[in-house]
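The sequence and the model are displayed first, and the notes follow.

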Amino acid sequence: MTAMKPLAPGKALSHISHPVAIITVNDGKKLNGMTAAWVTQISIDPPILCVSISPKRHTWEMLKGVEFFGVSMLSKDQEGESDFFGSKSGKKVDKFKAMGIEPFMAAHDVPLLTGSVAGFVCRKTHQVEQGDHWALFGEVVEAWKGHDNVPLNFFKSGYHSW
Ligand SMILES: Cc1cc2nc3c(=O)[nH]c(=O)nc-3n(C[C@H](O)[C@H](O)[C@H](O)COP(=O)(O)O)c2cc1C
């Protein structure tokens, strides 16, 4: 059996496998979205998700003024969307227009990405600062099933799918 090897705690966290999602927001003036791998379910009843967002993100600024946000769970065919929404800032670029993406407008005018495995509209319930990120909790108030496709995952700084 292979022995366990010690790792620096900061680096060790890259060994956690994550889904890849686009967190979307509509503040009434514009739409934006950012890639987030730090997304997880917290509760079944009521259904609650948690997303970890750096306060440096333009999305975080926009989220401050809204009640609802979207979470689109990407499929293995959406690496391009993940890279683009995860490298450009909505402060300078309309990422939907730049990528030629027509968003699916769900409840409360929250945009979701078609081609995703699933999409959720969440009502902000709570947020807590932890280290250099904020954990944002949201109750799922509307959910959509997308493509029957393999989800996109992120592990050790790279994309993976089943
Ligand atoms: C695969 C991947 C995963 C990411 N996960 C997160 C995350 O969980 N939380 C976060 O704050 N930023 C994450 N980012 C970085 C943001 O998506 C990126 O900074 C984005 O450009 C912010 O856009 P905005 O300024 O329009 O909000 C991730 C980027 C990539 C490529």
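The points below treat the overall fold, the ligand site and the backbone geometry.

This is a predicted model, in which local features need pLDDT of at least 70, side-chain atom pairs count only at pLDDT 80 or more, and totals for chains, interfaces and linings use all residues. Residues are numbered from 1 along each chain as its sequence is written, and side-chain values use heavy atoms, with hydrogens and water left out.

**Overall fold**

- The protein chain has 4 helices and 12 strands; these are DSSP runs numbered from the N terminus, with helices (H or I) of at least four residues and strands (E) of at least two.
- A compact globule of 162 residues would have a radius of gyration near 15 Å, and the 16 Å of the protein chain agrees with this. The radius is taken over C-alpha atoms, and the globule rule is 2.2 Å times the number of residues to the power 0.38.
- The C-alpha trace of the protein chain spans about 55 × 35 × 35 Å along its principal axes.

**Ligand site**

- The ligand is surrounded by 23 residues, the closest being Thr-35, Ser-52, Thr-59, Lys-88 and Gly-90; a residue is near a molecule if one of its heavy atoms lies within 4 Å of it.
- The shell around the ligand divides into 8 nonpolar, 12 polar and 3 charged residues. Ala, Val, Leu, Ile, Met, Phe, Trp, Tyr, Cys and Pro count as nonpolar, Asp, Glu, Lys and Arg as charged, and the others, Gly among them, as polar.
- Oxygen atoms of the ligand lie 2.5 Å from a polar side-chain atom of Thr-59, 2.9 Å from one of Ser-89, and 3.0 Å from an N or O atom in the side chain of Asn-32.
- Strand E3 (31-36), strand E5 (48-53), helix H2 (58-63) and helix H3 (79-85) are the elements that give two or more residues to this shell. The largest share, 4 residues, comes from E3.

**Backbone geometry**

- Most residues other than glycine have a negative phi, and most peptide bonds are trans.
- The peptide bond from Asp-45 to Pro-46 is cis, with omega near 5 degrees, and Pro-46 is placed in the loop between strand E4 (39-43) and E5.
- Asp-109, in the loop between strand E7 (104-105) and strand E8 (111-112), has a positive phi near 60 degrees.
- Lys-156, in the loop between strand E11 (153-155) and strand E12 (158-160), has a positive phi of about 50 degrees although it is not a glycine.

Notes. Polar contact = N/O pair within 3.5 Å; in protein donor to acceptor, adjacent residues only side chain to side chain.
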